[in-house]
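Please keep the model open beside the text as you read.

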Amino acid sequence: MGEFEVHRVRFFGLVPAGVRCLACQPRGGRLALARTDGAVEVYNFAANYFQEKVRGGGTGNRAGPGRAAGVTGVPPQVIPGHEARSVEALCWAAGDRLFGAGLGGDITEYDLARLCVARSVDGCGGPVWSMAANGSGTQLAIGCEDGSVKLFQVVPGGIQFERNLDRRKGRILCLSWHPSDTHIAAGSIDALRVFDVSSGQTVQRIMVSYHVQKVKRECIVWSIAFLSSGTVVTSDSFGRVQFWDWERGTLLESHTVSTSAVLSLAVSEEEDSIIVGTSTGATYQFQLLPVKMGSLEKRWVRTKPFQHHTHDVRAVAHSSTALISGGLDAQLVIRPLMEKMQKKGYEAVLRKFTFPHRRLVSCARKARLLLFQFSQHLELWRLGSTDETGKDGEVLPLCRMPEHLLQLKSKGPEHIYCSCVSPCGSWVAYSTASRFHLYRVRYEGDGVSIKKV
């Protein structure tokens, strides 16, 4: 190999966006992820959970095992964020159609081929905190700030408002359909409710804070799951995972797993395993196990704690072979279930996605410049230089420090999707979801001027 210099760059002040919500495709092989900056990413369970990419034809291009998406010229499947579009909930419906909703009050369908918003509908209930699709994927239920649960019909080319369910005071923070599509469980502050879908009426109301002695603060039901047995599982701000008989309104089991809040919950398709995420960065697994060897009676037992995150675990998902969690530390962690793995190979290895799978740094080799991409601005830097020589591996002192030349801010609410600087450093270009921008950069002594082309 020839001689070369390695520049250690420590002036890219990137703050990764945390993971806000996850959604596994039912009976499918994809995982949708939304970040706190509104960006949406799609991962594929095949070939070691790669991030999907698209070509001009609109079909998903599969990166092979071990290949990081974004290394080639094909962009990874990331729908860029938007200042006016937060994503609080994601769900798949009608097979491979992906929907999102957030505090802007809109329900959005994403075009996964063109990497943009396909269409958007006002939920008419204020900010949307939760959303869930029924088992057949034909209906969407959304939980709103005004305390209403609204049903939308999934039709070709969009969604149509169907009706409101019984409205009560208090925002609806989480939703879950019964697998039979006949009832919906909804969690709010201090209570959970069960709706009859056909009549739209509340058929059960349970006060989840009733069993807490001498506590005056409110109990927030952060996540909920409706099992086919009729059991409703909740996680709350008191650090509990509770199992309820919704017909009788009674508490079946209660497990305190944390001294702080349990923020997220997901159930496996077989309904024999549950993963929960806490605000301390820990995740826990519950399994439905026989009380005695060979006994038909089963109980939920907390079996495995994991500490893979440093901040709140806001989202969890349960695939057929792995526990998936995402936190505000921006990490996506996939922990395979060893008892579900047929082969003990690479697929059975813990994976942590700790960095963006997009090209956020562009290099002008001739001009010794670096262009850094942020959500709504670009930074152009000149590399430092040295006159010293040394042995392999030595750190050489700089005679000229790295220099911040300019900051280019993007106008409008759309986030920057991609950017590039020319090899000579005279041209800078970037693109959002709808517009392309080109600038001419001129260097005059120590000054820099820029002109929009």
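The points below look at some charged pairs and then at a serine in a loop.

1. A word before we start: this is a predicted model. Under the rule used for salt bridges, the count comes to 11, and the points that follow visit some of them.

2. Let's begin with Arg 20 and Glu 88. These two form a salt bridge, with their closest N and O atoms 2.6 Å apart. The pair links distant parts of the chain: Arg 20 belongs to strand β1 (residues 19-24), Glu 88 sits in the loop between β7 and β8, and 68 residues separate them. Are the two partners buried or exposed? Both Arg 20 and Glu 88 are buried.

3. Glu 88 has a relative accessibility of 14%, and because buried means under 20%, Glu 88 counts as buried. Leaving out residues up to four places away in sequence, Glu 88 touches several others, including Cys 21, Leu 103, Val 128 and Trp 129.

4. Next, please find Arg 119 and Glu 109, whose side chains meet in a salt bridge at 2.8 Å, N to O. Arg 119 lies in strand β11 (residues 116-122) and Glu 109 in strand β10 (residues 106-111), 10 residues apart. Arg 119 is partly exposed, with a relative accessible area of 34%, whereas Glu 109 is buried at 7%.

5. Arg 97 is in strand β9 (residues 97-101), and at 15% relative accessibility it counts as buried. The side chain of Arg 97 reaches the backbone oxygen of Gly 158 at 3.2 Å. Beyond its neighbours within four places in sequence, the contacts of Arg 97 include Glu 109, Arg 119, Val 154 and Pro 156.

6. Another salt bridge joins Glu 403 and Arg 400, with the closest N and O atoms 3.3 Å apart. Glu 403 is partly exposed at 26% relative accessibility, and Arg 400 is partly exposed at 38%.

7. Finally, where does Ser 434 lie? You will find Ser 434 in the loop between β37 (427-431) and β38 (436-444). Ser 434 is exposed, with a relative accessible area of 53%. The side chains of Ser 434 and Glu 414 are joined by a polar contact of 2.8 Å. Ser 434 and Phe 152 are 282 residues apart along the chain, and their C-alpha atoms are separated by 28 Å.

Definitions and conventions
Residues are numbered from 1 along each chain as its sequence is written. This is a predicted model: local features need pLDDT of at least 70, side-chain atom pairs count only at pLDDT 80 or more; totals for chains, interfaces and linings use all residues. Side-chain values use heavy atoms; hydrogens and water are left out. Helices (H or I, at least four residues) and strands (E, at least two) are DSSP runs, numbered from the N terminus. Buried means under 20% relative accessible area, exposed over 50%, partly exposed in between (1.4 Å probe, protein chains only). A polar contact is a pair of N or O atoms within 3.5 Å; within protein, one must be able to donate a hydrogen and the other to accept it, and residues adjacent in sequence count only if both atoms are side-chain atoms. Contact means heavy atoms within 4.5 Å. A salt bridge is a side-chain nitrogen of Lys or Arg within 4 Å of a carboxyl oxygen of Asp or Glu.
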